Amino acid sequence: MLDNIATGTIVIEDLEVGMTRSLQKLITDQDIEMFAEVSTDRNPVHMDDDYAQDTIFQGRIAHGMLTAGLISAVIGEQLPGHGTVYLGQTLKFMAPVRPGDMVEAVVEVLSIDYARRRVQLKTEARVGETTVLRGEATVLAPSGKFD
């Protein structure tokens with residue numbers, strides 16, 4: 001990872017609509033292999049160059065959930081950060097991520113329900129100017145009053 005530096009937890013009392021945080025990561029063959037090992041998803045479109053050449057992608061692609069994991073990293077390490085609990089996530093995969101791609105994962109605060117400690121987040125991943133993943137997350141944010 002290039003810049004997923006934990007900036008500390010942002011408790012719900014300090015969150016504001018429009019806040020954003022991001023990270024960048026170069027997706028490597030090793031990342032894909034390790035994700036396949038952990039997830040047990042060894043679909044040849046991710047693992048086999050020859051097989052993947054004959055698919056609509058015309059080459060190997062990273063697991064979509066590997067890219068989605070970068071969104072989780074931003075939420076768990078930066079916005080809101082440590083102590084955040086995922087409640088839900090929608091994902092729409094828009095374009096493939098390939099070995100060697102630099103992915104930028106971006107999270108933005110859309111709305112805050114202070115009474116229920118719920119935060120709605122816009123989630124997006126890009127490779128250059130291309131959006132490869134888009135969605136929304138709902139999280140339970142840490143509070144300075146209770147945590």
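Reply: Start with what covers a helix. Helices (H or I, at least four residues) and strands (E, at least two) are DSSP runs, numbered from the N terminus. Here, the cover over the buried residues of H1 includes strand E1 (20–26), helix H2 (44–47) and H4. This is a predicted model: local features need pLDDT of at least 70, side-chain atom pairs count only at pLDDT 80 or more, and totals for chains, interfaces and linings use all residues. Residues are numbered from 1 along each chain as its sequence is written, and side-chain values use heavy atoms, with hydrogens and water left out.

Me: Which residues of helix H1 are buried?

Reply: First the term. Buried means under 20% relative accessible area, exposed over 50%, and partly exposed in between (1.4 Å probe, protein chains only). In H1 (residues 29–39), the buried ones are Asp31, Ile32 and Ala36. They share one side of H1, because they cover an arc of only 135° around the axis. That arc is taken from the directions from the helix axis to the C-beta atoms.

Me: What does the face of H1 turned away from its buried side carry?

Reply: That face carries the exposed residues Gln30, Glu37 and Val38. After H1 comes threonine 40, with a positive phi near 65°.

Me: How many salt bridges does the structure hold?

Reply: A salt bridge is a side-chain nitrogen of Lys or Arg within 4 Å of a carboxyl oxygen of Asp or Glu. The structure holds eight. In one of them, aspartate 29 meets arginine 60 (2.3 Å, N to O). Aspartate 29 lies in helix H1 and arginine 60 in the loop between helix H3 (49–53) and H4, so the pair ties together parts 31 residues apart in sequence.

Me: Is arginine 60 buried or exposed?

Reply: Arginine 60 is buried, because its relative accessible area is 14%. Aspartate 29, at 38%, counts as partly exposed.

Me: Which other salt bridge does arginine 60 form with an aspartate?

Reply: Arginine 60 also pairs with aspartate 49, the closest N and O atoms being 2.9 Å apart. Aspartate 49 sits in helix H3, 11 residues from arginine 60. Its relative accessible area is 48%, so aspartate 49 is partly exposed.

Me: Now the core. Which residues touch the most other members?

Reply: A nonpolar core is a set of buried Ala, Val, Leu, Ile, Met, Phe, Trp, Tyr and Cys residues joined through side-chain atoms within 4.5 Å. The largest one has 31 residues, and Leu15, Ile27, Val109, Val119 and Leu121 touch the most other members. Helix H4 (64–77) and strands E3 (102–113), E4 (118–127) and E5 (130–140) each supply at least two residues. H4 gives the most, with seven.

Me: What does isoleucine 27 touch?

Reply: Contact means heavy atoms within 4.5 Å. Not counting residues up to four places away in sequence, isoleucine 27 touches residues including Ile32, Leu66, Leu70 and Val103.

Me: Where is leucine 91, and is it buried or partly exposed?

Reply: Leucine 91 is in strand E2 (residues 85–93). Its relative accessible area is 32%, so leucine 91 is partly exposed.
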